[in-house]
Amino acid sequence: MALTSLAFAIVLALDPTPAAAPKRPSLGPPPDPKAAAMLTPFAVPESMKRLERSTAKVDFFRLANHFESQQNLGYCGPASSTIVLNALRADDPTVEKPRDPALFPSEYRKMLPPGLDPVFARYTQSTFFDDKTTSVKTRDQFFGKPKAPGAKPSPGLELRELAGILAAHGLATEVRVADDKLTDETIRRELTANLASPDDYVLVNYFRPAVGQTGGGHISPLGAYDKASDSFLVLDVNPNGHPWVWIPAKVLIASMRTPDANENRGYVLVREGKK
């Protein structure tokens, strides 16, 4: 996700060259019209049929229960990770979860009964970057601050950075780069197996134009697989113009076989780590 629309916006913001008139930055190349015609939005009758007959959808219900949309243009990775962290841990009393003080205005806390904390213990997009994750990437670096003086900014999250931060939060992760070493059938089989088993999830990193959508690199969780249509349900964390959608497996896999900053995109398999 390093070369996302967020990156374009940051580059433009850092460019000292005066512009004659403000222009909206390009959000990527034009979407593939053939791929766009093959997408099936979630809120149509055909989608309901696919979800009903799917035998690889155990992840859908828990992810849907903890689903939240990304808070800004670049937060697809933090939003997707927050959903998975809460899906794995919200009901687990043995895991200490953060409390985000920003969720309840400080000026009203004094009106509460003594000792009452009005904030639920759960993960939020604001708590995604913390002291444990600084060795992977800080919030400042995510928004474009160079990791070292003179270094090139690398805003957003690449696949391995996403996995590294999830691991810093105590989860077990496996990175799959969609390169020539990984066949389409292996990817399809591994994604389907994950969606059919409980207590593990998969986050996909793909290129929107390759699936017929506007934008750049994007991260979202998968919710289900329908064998009859050979399609995956992507629970898109940016519903602002991009609803949940069924994407044909071959189209989704091809969109992961696109270059990011240092290597191809791909997916991350996530489960609870050792406590």
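This is a predicted model: local features need pLDDT of at least 70, side-chain atom pairs count only at pLDDT 80 or more; totals for chains, interfaces and linings use all residues.
User: Is Asn238 buried or exposed, and which residues is Asn238 in contact with, leaving aside its neighbours within four places in sequence?

Analyst: Buried means under 20% relative accessible area, and because Asn238 has a relative accessible area of 13%, this residue is buried. Leaving aside its neighbours within four places in sequence, Asn238 is in contact with Gln70, Arg208 and His218, while the side chain of Asn238 also makes a polar contact with the side chain of Asn240 (3.1 Å).

User: Which residues touch the most other members of the largest nonpolar core?

Analyst: In soluble globular proteins, nonpolar side chains tend to be buried together. Here the largest nonpolar core has 36 residues, of which Leu63, Val84, Leu162, Leu166, Leu233 and Val270 touch the most other members, and α5 gives the most to this core, with seven residues.

User: How should I read the salt bridge between Glu185 and Arg188?

Analyst: Both residues lie in helix α9 (residues 184-196), three residues apart, about one turn of the helix, and the closest N and O atoms of their salt bridge are 3.2 Å apart. Glu185 counts as partly exposed, at 42% relative accessibility, whereas Arg188 counts as buried, at 16%.

How values were computed:
Residues are numbered from 1 along each chain as its sequence is written. Side-chain values use heavy atoms; hydrogens and water are left out. Buried means under 20% relative accessible area, exposed over 50%, partly exposed in between (1.4 Å probe, protein chains only). A polar contact is a pair of N or O atoms within 3.5 Å; within protein, one must be able to donate a hydrogen and the other to accept it, and residues adjacent in sequence count only if both atoms are side-chain atoms. Contact means heavy atoms within 4.5 Å. A nonpolar core is a set of buried Ala, Val, Leu, Ile, Met, Phe, Trp, Tyr and Cys residues joined through side-chain atoms within 4.5 Å. Helices (H or I, at least four residues) and strands (E, at least two) are DSSP runs, numbered from the N terminus. A salt bridge is a side-chain nitrogen of Lys or Arg within 4 Å of a carboxyl oxygen of Asp or Glu.
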